[in-house]
Amino acid sequence: MDIQSLTYLFVGASFALYITIAIMSRASSTADFYVAGGDVHPLANGMATAADWMSAASFISMAGIISFIGRDGSVYLMGWTGGYVLLALLLAPYLRKFGKYTVPDFIGDRYYSDTARLVAVICVIFVSFTYVAGQMRGVGIVFSRFLEVEINTGVMIGMTIVFFYAVLGGMKGITYTQVAQYCILIFAFMVPAIFISLKMTGTPVPQLGFGSTLVDAPNTYLLDRLDQLSVELGFAAYTAGKKSTIDVFCITAALMVGTAGLPHVIVRFFTVPRVRDARLSAGYALIFIAILYTTAPAVASFVRVNVIESVNEIEYRAIPQWFRNWEDTGLIAWIDKNNDGRIQYRAGAALEATRPDYSLTRGIHGQRLLNNAPSDNDNELYIDRDIMVLANPEIAGLPNWVIALVAAGGLAAALSTAAGLLLVISTAISHDLMKKVFRPAITDQEELRYARIAAAVAVGIAGLFGIYPPAFVAQVVAFAFGLAAASFFPVIFMGIFYRRMNREGAITGMISGLVFTFAYIVYFKFISPDSNTAEHWLLGISPEGIGTIGMLVNFTTALLVCRMTPPPPESVTALVDNIRIPRGAGAAYHHHLR
Amino acid sequence: MPGDQDRARAYWRANIRLLCILLSLWFLCSFGLGILWADWLDQFHMFGFKLGFWFSQQGSIYIFVVLIFIYVYASNRLDHRYGVDEEGDTYEEDEEYYHPDRDA
């Protein structure tokens with residue numbers, strides 16, 4: 001079968017599976033809709049958390065980004081895994097003992113204030129929408145390349161699927177589809193990685209192949225070859241870092257703390273029966289995540305060597321088919337600066353603009369011509385980093401079914417995360433706003449109806465973000481982390497570990513952290529993008545890493561204000577004492593649910 | 001009951017001690033070995049990896065996984081020792097779902 005029909009087969013089969021699960025696990029109460037009835041097995045929750053967590057950015061963009069920035073890519077690897085240690089040790093068990101549905105629930109009850117709840121709801125909605133925008137775009141990219149439909153049509157199809165199981169099944173439907181999606185995405189990520197590792201280094205384990213010698217040069221280590229190639233072409237050595245230590249430190253910290261503070265990840269730990277299950281399932285989740293995260297840097301270096309060797313100094317007429325395919329999709333462009341008909345790949349941007357603008361005509365070699373002005377360096381090649389994983393099987397010449405599998409995997413990654421985020425948004429509206437603030441008198445069934453309506457509206461808005469994307473998939477996601485780090489993590493942490501923390505401290509802390517981080521990012525990304533360089537940054541910290549400072553601002557403000565205002569009431573300190581002790585979680589919870 | 005309160009306080013202190021130990025290891029292995037001392041570690045090699053590079057792209061992630069499982073084990077023991085575990089909790093029967101006492 002050709003790639004096209006195989007892709008339709010794989011993607012179609014996976015979608016059929018998701019819909020079947022959705023129909024089988026319809027939610028009948030708000031407890032089903034918000035926390036899957038609170039009876040999810042820790043292993044299943046671990047898998048669902050991993051799928052919830054690993055987004056289009058992890059699956060599609062991360063290895064590509066690492067491939068281009070080399071050593072500095074470790075900020076994503078450490079940042080997006082290390083946060084689970086914080087989550088498992090500092091938040092998950094206590095929030096599970098608390099045993100309510102949402103993050104704003106905890107903040108509202110712990111800080112005995114609807115204002116705090118409202119601020120939290122706004123943060124949840126903001127963070128989740130920034131994050132979901134990237135997912136829908138990812139869906140569009142996969143569809144446009146593999147199924148040859150318009151990006152917008154792809155977004156619409158993705159929306160329909162998510163709509164189906166998120167609106168119908170709520171958390172219950174999402175949990176079990178996420179388990180299926182995890183299996184599909186990890187299989188799809190590992191198969192090409194193992195193939196490519198075998199092909200290049202003779203080792204079936206990518207994590208080891210990454211540090212092995214090459215098949216075609218048994219005395220040369222892969223990473224040494226990569227360093228040498230990079231330096232020859234004018235790039236920095238792959239294994240050498242370019243970012244300053246303080247920036248690497250802050251970005252890593254912001255991503256870690258942000259991970260621990262992301263509401264769609266936290267709520268997953270409300271779905272297991274006991275406190276000890278919450279701890280255990282955080283461990284399972286990190287194992288499942290680590291399988292992909294330790295493979296991604298290996299894939300990044302394999303693809304990098306492959307791309308350089310199969311493209312650089314090659315005549316366009318003799319270029320492999322994958323190059324033309326992705327050129328047609330608009331993610332690769334070649335501009336023959338020295339008119340020699342060969343592709344020169346060097347350091348620096350090939351074009352003046354950030355994206356290629358294709359003209360309708362083709363050049364003498366058959367390449368797509370550009371309207372963009374060439375930049376004044378020797379680099380003739382534009383490659384979008386997002387394609388590195390998607391094109392990897394084609395670049396390595398792997399069989400057609402592997403290519404089709406990657407398409408299904410990319411969709412699984414994007415859809416699972418999108419669904420988790422949409423659920424958090426709908427819960428924030430139906431539960432935290434309607435039930436807790438505006439209309440406390442509504443029944444469980446009415447609340448469930450509000451949740452479904454909110455989920456449907458959120459899917460629609462997310463789709464619009466996918467059709468009119470704000471920026472790069474990964475760049476958008478980086479925003480969400482800084483904001484989560486600066487808002488949620490400190491107030492939840494202090495809510496558990498500092499009994500004296502009060503309403504006034506928490507609210508001012510959240511607002512100051514959020515405003516500071518938001519203003520810094522908006523200034524450098526939108527108001528004055530030209531000054532987005534190290535010498536203008538505060539202490540040399542980039543907008544990606546500023547969440548760390550935002551978190552410190554939050555902590556400091558909260559502690560200062562807390563000292564000057566009255567302590568929390570006794571019922572609240574009793575609540576804190578209660579969540580610190582595991583005993584009673586199951587009983588209290590089931591009583592609460594039924 | 002005052003006895004319960006003392007026990008809860010002692011449990012919390014032991015819990016904080018456990019968290020401090022594990023989080024120090026967490027910090028040393030990621031921010032220490034993977035970032036602050038990574039350049040120095042790069043002079044050593046393990047197979048084809050520079051050691052600092054390996055810690056920042058591989059080693060730290062393995063250590064994170066191990067740390068969480070040490071925590072799971074140690075905190076369960078702690079709960080048991082201070083008599084605050086969930087063994088005494090009762091659950092309502094629910095056929096469809098995972099049932100901790102029956103399935104674990």
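Biologist: Which residues are buried in α6(A)?

Modeller: This is a predicted model, and in it V103(A), P104(A), D105(A), F106(A), I107(A), G108(A) and R110(A) of α6(A) are buried. A residue counts as buried if 20 or more other C-beta atoms lie within 10 Å of its own. Helix α6, which spans residues 103-110 of chain A, has seven of its eight residues buried, so the rest of the structure largely encloses it. After α6(A) comes Y112(A), whose phi is positive, near 35°.

Biologist: How should I read the packing of two helices, and at what angle do α16 and α17 of chain A pack?

Modeller: Two packed helices are described by the angle between their axes and by the distance between those axes. Here helix α16 (residues 400-438) and helix α17 (residues 444-467) of chain A pack at about 135°, and their axes are 8 Å apart. The two helices α16(A) and α17(A) are therefore oblique to each other, and α16(A) passes α17(A) in a right-handed crossing. Among the residues that meet are L422(A), I425(A) and I429(A) in α16(A), and Y450(A), A454(A) and A458(A) in α17(A). Sorted by class, this contact of α16(A) with α17(A) has 13 nonpolar, four polar and two charged residues.

Biologist: Where α1 and α8 of chain A cross, how many Å lie between their axes?

Modeller: The axes of helix α1 (residues 3-24) and helix α8 (residues 151-201) of chain A come within 7 Å, and they cross at roughly 125°. That angle makes α1(A) oblique to α8(A), and the crossing of this pair is right-handed. The contact includes F15(A), Y18(A) and I19(A) of α1(A), together with F164(A), L168(A) and Y176(A) of α8(A). By class, the contact of α1(A) with α8(A) has 13 nonpolar and four polar residues, with no charged ones.

Biologist: Into which domains is chain A divided?

Modeller: Chain A is divided into domain 1, made of 3-306 + 397-483, and domain 2, made of 332-383. The centres of these two domains of chain A, taken over C-alpha atoms, are separated by 34 Å.

Biologist: How many residues of chain A are in contact with chain B?

Modeller: On the side of chain A there are 52 residues in contact with 45 residues of chain B. The elements of chain A that give two or more residues to this side are α5 (74-98), α10 (222-232), α11 (245-261), α13 (275-311) and α22 (585-593). The largest share, 13 residues, comes from α13(A). By class, the residues on the side of chain A that touches chain B divide into 25 nonpolar, 17 polar and 10 charged.

Terms used:
Residues are numbered from 1 along each chain as its sequence is written. Chains are lettered from A and ligands numbered from 1 in the order in which they are written. This is a predicted model: local features need pLDDT of at least 70, side-chain atom pairs count only at pLDDT 80 or more; totals for chains, interfaces and linings use all residues. Two residues are in contact if their C-beta atoms, placed from the backbone, lie within 7 Å. Helices (H or I, at least four residues) and strands (E, at least two) are DSSP runs, numbered from the N terminus. Ala, Val, Leu, Ile, Met, Phe, Trp, Tyr, Cys and Pro count as nonpolar, Asp, Glu, Lys and Arg as charged, and the others, Gly among them, as polar. A residue is buried if 20 or more other C-beta atoms lie within 10 Å of its own, exposed if 12 or fewer, and partly exposed in between; C-beta atoms are placed from the backbone. Axes are lines fitted to C-alpha atoms, for helices over the stretch in contact, and angles run from 0 to 180 degrees between N-to-C directions. Angles under 35 degrees count as roughly parallel, over 145 as roughly antiparallel, 65 to 115 as roughly perpendicular and the rest as oblique. A crossing is left-handed if the near helix is turned anticlockwise from the far one by less than a right angle, and right-handed if clockwise. Domain bounds come from an automatic or database domain assignment.
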